[in-house]
Amino acid sequence: MHEAAAIGQFERRLVELGCPAVRLREKVRELAEHYGDLKEAALEEGLTESEAEARAEAELGDSVLLAEYTVAAVRRASWWGRHPVLGFGLLPPLAFIPAWVICSAALVGTCWLLGRMFGSAYQIDEGAARAMTVNPDSFRNFVAPANEALMLVAILLSALVFCWLARHAAVGMKWIWTACLICSVNSLVTYPMIGPGFIGIGFALPSSNWFHAVLPISVALVAFIRQRSTENRLASIPEEKRLNARQKAAGGIFSKQSIYRMPTYWAMAVFAAAVLAIVIFVEVMSAQDKAEHLDLRGRVWPAERAATLRQLGARQSAASESSNPIMIDLKARVNASLLASVDGPANVKDNNLADLPRGIHTFGGVPFDVEGRLQLMGRNLIESGKKFPVIVKHIPILRRCARLHLLHGASAVRTLDKKIARLVLHYADGSQAEIGIMAGQDVLDWWGPIYNTEAGEEHQTTSPGTELAWAGGNPWIKQRAPEFSLRLYRSTFANPRPDLEISSIDYVSTLTDAAPFLVGLTID
């Protein structure tokens, strides 16, 4: 029938162009009613059934062209339809962060609600959080599944939202595929970071977890299959009629002149020009910085590093500044050898202190007996799955002393002027005293510069009782940061109660990001 063909072709073209389902049903019904009114008017004039249908179809016009204009009007009524490049090409990478935050808030709210309904067994209280902080396996077992679930739900939510927006704006399958592909690529380079005491979003090289990228593609594929199955149930459109309607529509509501009149078009043009200007400026400045950096690497830093190494050598060969040094044997407390890779992921090799000489040597004018590394836990090591104690108790001293000298270091020192460790002194009379070890004052990160120019706050400590005592290297730092060196510090602390015998000392981590370690202890 003429009616079925005209209405069917109109409906099929609406489906092909991505018209929203609600608007599609509404427009098809309106066209069918209008077609029926035209046919009934022709019949009342005395025309036959076939003549009435032919006349109604002629007065109705090209149903495919009408579908083109209908969808164009829907697109023009929506910001997403007017600016699909911005909406579906630039915004999807930004959608993951709010989606992940929403999912995280929903998870936290669910846990809170379960705790209110079924008791504290469903809540993470302070005690449980502290236990997970000192146990890497417990922390990973709790965080890993929750983080993976949040990641997958956030990726799926982002893809579904942009798929729905594309359908609502009637921009068609090409923009659904575009948005989902961008969400897919973004899922490979964006990852959430849940650590002890912090939550963040990071970016890295494409991950090996390709399952994340499959979810947005699956959403687009489902939308494509649903549209094709709907199209196949409707009347076909002759190709000549389809091309003719597309050409006519291109000269009207789809014309480029109409796009140029949009305020948003010019706003985006200005924005793009500003971004281009910023990129050019950044590139020019980057080229200048690169040239300056090459000059520093080739001429300035090597000379300054050589001078620092000569100074360290002189201090290591100088006579002891301690009047009566007593070196404390730490061998029984050592939990990592100088050859062990301690800092970094489990697969990191040779990130160690193999260059540090063993035995009795002078560092920073004080002799130390170096046998290994007494490593404490820090948040950075928890994330990498390393197991070390938070506290090493009862390092025997059994002497009175005026001063304590430490040969020590720390990894992952990210915040200065923060206590990263402490010494708890136990006296023979049962009393205690505490000495704090401050990042930036008493120790800096064991990876860092030993040159002066542009070294910043990472160059030297601020405490008068601390000095750089040893610098070296290992294969890992030479590969990752060849301008840096390994650094250990000699720190001298006054005994708060020199008149009392110190029975023992506890070496305690404060569980910041930094992971402190001790390689030598000497007392006066």
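## Helices and the largest cavity

Helices, at least four residues long, are DSSP runs numbered from the N terminus. In this predicted model, helix H7 (92-118), helix H9 (136-169) and helix H10 (173-189) each supply at least two residues of the lining of the largest cavity. H10 gives the most to that lining, with 3 residues.

The lining of the largest cavity is made up of Pro92, Phe96, Ile155, Ser158, Cys183, Asn186 and Ser187. The space inside the largest cavity is about 50 Å³. The structure holds 2 cavities of 30 Å³ or more.

## Helix H4

Helix H4 covers residues 63-76, which is 14 residues. From its first C-alpha to its last, H4 reaches 20 Å, close to the 20 Å expected at 1.5 Å a residue. At the N-terminal end, Asp62 caps H4, with a side-chain oxygen 3.0 Å from the backbone nitrogen of Val64.

H4 is mostly covered, with 10 of its 14 residues buried. Among the buried residues are Val64, Leu65, Glu68 and Arg75.

## Nonpolar cores

The largest nonpolar core has 37 residues, and Ile395, Leu423, Leu425, Ile437, Ile505, Tyr507 and Leu521 touch the most other members. Strands that give two or more residues to this core include E7 (391-399), E9 (419-427) and E14 (502-509). E9 gives the most, with 5 residues.

Leaving aside neighbours within four places in sequence, the contacts of Ile395 include Ile328, Leu374, Ile505, Tyr507 and Leu521. Another core, of 20 residues, lies apart from the largest one, and its members include Val348, Ala469, Trp470 and Leu486.

Terms used: Residues are numbered from 1 along each chain as its sequence is written. This is a predicted model: local features need pLDDT of at least 70, side-chain atom pairs count only at pLDDT 80 or more; totals for chains, interfaces and linings use all residues. Side-chain values use heavy atoms; hydrogens and water are left out. The expected span of a helix is 1.5 Å times one less than its number of residues. Buried means under 20% relative accessible area, exposed over 50%, partly exposed in between (1.4 Å probe, protein chains only). A polar contact is a pair of N or O atoms within 3.5 Å; within protein, one must be able to donate a hydrogen and the other to accept it, and residues adjacent in sequence count only if both atoms are side-chain atoms. A nonpolar core is a set of buried Ala, Val, Leu, Ile, Met, Phe, Trp, Tyr and Cys residues joined through side-chain atoms within 4.5 Å. Contact means heavy atoms within 4.5 Å. On a 1 Å grid over the protein atoms alone, a cavity is a set of points where a 1.4 Å probe fits but cannot get out, and a pocket is an open set with protein on both sides within 12 Å along at least five of seven lines; lining residues have an atom within 4 Å of a point. Grid points are joined across faces, edges and corners, and a volume is the space filled by probe spheres set on the points.
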